[in-house]
Amino acid sequence: MIATGFKAKVAGIALGASVLAMAAPALAEPMALLDRHGSRVAVEPYAPNIVRVTIALDPVLASAAPGEGPNAKPNATGWTHSTDASGDVFTSSALTLTIGAKQWPGAPTQMQRYFAPSLPPVSLSVKDAGGTLLTKMTGWEMAPVTVNGEQTFKVGASFDSPADEHYYGLGQNQEGYMDLRGKQIDCSHSYDAPAGETVCVPFMVTNKGYGIVWDNPARTLIQPGLHSSTHWQSQVGERVSFFVIAGKTTDELYAGYAKLTGETPLPPKAGFGLIQSKARYESQQELLDIANGYRQRNLPLDVMVLDWFYWTRMGQLDIDRTYFPDPKGMNDTLKSLGMRSIISVWPRFERESRYFDMLATKGWFLKDKDGNPVDGLPSRSDRAGALIDSTNPEAREWFWGKLRDNIASQGFDWFWLDETEPDLVPDGYFYSKGSGDRYHNLFPLVHTTGVAEGSERDRPGFRNMILARAAYLGAQRNGGLFWSSDIKSTWEALHRQIPTGLNFTASGIAYWGSDIGGWQWPKGPKAENPVLVDPAGSTAASPDYADYSELFVRWFEYSVFTPTLRIHGQRPGSALWEYGKAAEPILADWLRLRYTLMPYIYALGRHTYDTGAPFMRGLFMDFPNDPQVSNIGDQYMFGPAFLVAPVTVQGQTKRPVYLPAGTAWYDYWTNQKFEGGQTIEVDAPIERIPLFVKAGSIVPMGVQVKSTAEKQALESIRVYPGTDARFTLYDDDGTTNAYRKGGIKADLVWDDKAKTLTSKTKLPTGQAVSGLVQVVGQ
């Protein structure tokens, strides 16, 4: 028998089916609440191309608001509801949703007596405006379980999967594949996942013109396209709730995701430059020496990072003045060099720290069933400390206040919120909001929300940015730069980064990167091929890792074409000159290329803010009519112009590159032109990786600067002819929130027939277009 109104009492906290209804403020009634012989189905439009479907046995749960993540308001404008023989039909200008009619069930056959479903069945279909079927849900499920002492259910739904449907997104999975079809995705935050940390963002996009946002923060298993079906199953819940977003292009899907869960802020311009970090700088002098080392070598640098153990004790939220005697002066010095700073802050508090007793008394820690703070980890060596309960608004407000008063007051610009999975796994424990199993994936959203909202209120003129290790639905609205966690320093880890990052950005969260060179202490198998970079002079790794300098060079070349460029790792040295005399000039050239492309990259960031579309893009996004790209995970687009093909094999000096069909391509290094729809073998000496530019591209190039704090003039505007082109150049002050009101834009238009580039407005730099244009091939 299935209970629908039960309550379970755990540690004096009443939990039950109604907890989902209380997860967010009550909203307006859904457009319709249907009854399918006891299964209640709510239909709630949010836009012409966005509709939410909720299924439960309890009508209160079916009508309840979504959980955290989606923050838009329902909007049924333009939608109609009618009933015919097929069922209830909901229609907008973009799609048609049909909740199938269900006849009264007759007497079961002998077979059905044993295998009949325990729930009244529900089916639905979604079609686009032209009547093409996008997806069809074939059934839903609720299986009674007891989780963390709570009587609840596993809940799920199944959808048909055509053989030519492909799937992307669902957060971060480091198993090394691009197309998720035929895999099982464990959508849960796990620092200890075997291939590298997993992060759950339950938004999946397809090549069939739709995406699904799954509204449940519990651990969720998804099998996309396995045995001709896509199955979702959350391990805790009392209802099925999901959104369907339709779009003619993938960018329309991302615009829908942004509308539903929040826009992606434009990071400060410094966030697009080089971010220099190490685990860890042990003193103020060491950090400043590295900063000065960049200036002495005339190498651009924007941000210095102070990582963990600068404090006197974990949870003190202070700065040890023995090793950092004048943090304000240190940050003033960095600013005089044109640099900014990021400081790491952990959400854990040792028992001996000054705030532990107060936080424990208030109940602001993750707790066990008896109400005691959960202190430390059951495994690994970093065992000390209780986790602040950021599901509690009062706790996260307090946390922000201490960061503001104790740390930001010392001149630090931005915060690195580490351990946002969180590292103390909440399963089996309790937040103030409820069971840690029920809210397994929620922490990174609420924890970054506290800092984002606090910064917005207390530093309204200063653009927020947060370095964060995990994400959830809507985390992009908090200004996060996300990275792939504490990965190994091996060629295998580098190889896995490319599809890992592409599926992360395919999840609607644009800003992702990796620790360049890997985080773990440099250790790898002996090189099987001749080493391409002489490690002489390297202080970054031990001599027995002879190919580590080569690995770092290849990793850096790749990372120049990722949204964030951040050196970090647990090694003796991490600055650009600490990988040997042979590596340094190669790395310097690539670093300067990153800054040369800053006008292009910053404009891409503005475009993401305006549209929600990521600019590190799997090939499926831009070449939907080319079936060859559906499972390519080692190449990608960086903005509309660049096709990037990183080298991830030790000793490799050539690699095959597939040039997508439907356009011509220019080799960036040689300007040679190739037709698309073919695979070519490309030279890849150690000083470069295969890099192509799509015909019909406009690429603004800047003069060299020491950091983005300098006003950067344009050196040239390259045009790669072959078709008409348009590119919106953009600039602003780089540090304030004035960009929300505009900034300076210039639409560059290339007329391929006339061979002219024009702009109706002045360029943001004040320069004239004439004299800057360089037409490749002419």
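1. A charge is said to sit over a ring if NZ of Lys or CZ of Arg is within 6 Å of the ring centre and within 35 degrees of the ring normal. By that rule, the charged end of Arg566 sits over the ring of Trp416, 4.6 Å from its centre, and Arg297 lies over the face of Trp577, at 3.9 Å from the ring centre.

2. Please keep in mind that this is a predicted model, in which local features need pLDDT of at least 70 and side-chain atom pairs count only at pLDDT 80 or more, while totals for chains, interfaces and linings use all residues. Residues are numbered from 1 along each chain as its sequence is written, and side-chain values use heavy atoms, with hydrogens and water left out.

3. The structure holds 45 aromatic pairs, where rings of Phe, Tyr and Trp (its six-membered ring) pair if their centres lie within 6.5 Å, and planes under 30 degrees apart count as stacked, over 60 as edge-to-face and the rest as tilted. One of these is the edge-to-face pair of Phe203 and Tyr254, with 6.2 Å centre to centre and 90° between the planes. This pair links distant parts of the chain, 51 residues apart, with Phe203 in strand β14 (residues 203–206) and Tyr254 in helix α3 (residues 250–261); helices (H or I, at least four residues) and strands (E, at least two) are DSSP runs, numbered from the N terminus.

4. Phe203 is buried, with a relative accessible area of 0%, and Tyr254 also counts as buried, at 1% relative accessibility, since buried means under 20% relative accessible area, exposed over 50%, and partly exposed in between (1.4 Å probe, protein chains only).

5. Phe203 also forms a stacked aromatic pair with Tyr257, at 4.7 Å centre to centre and 5° between the planes.
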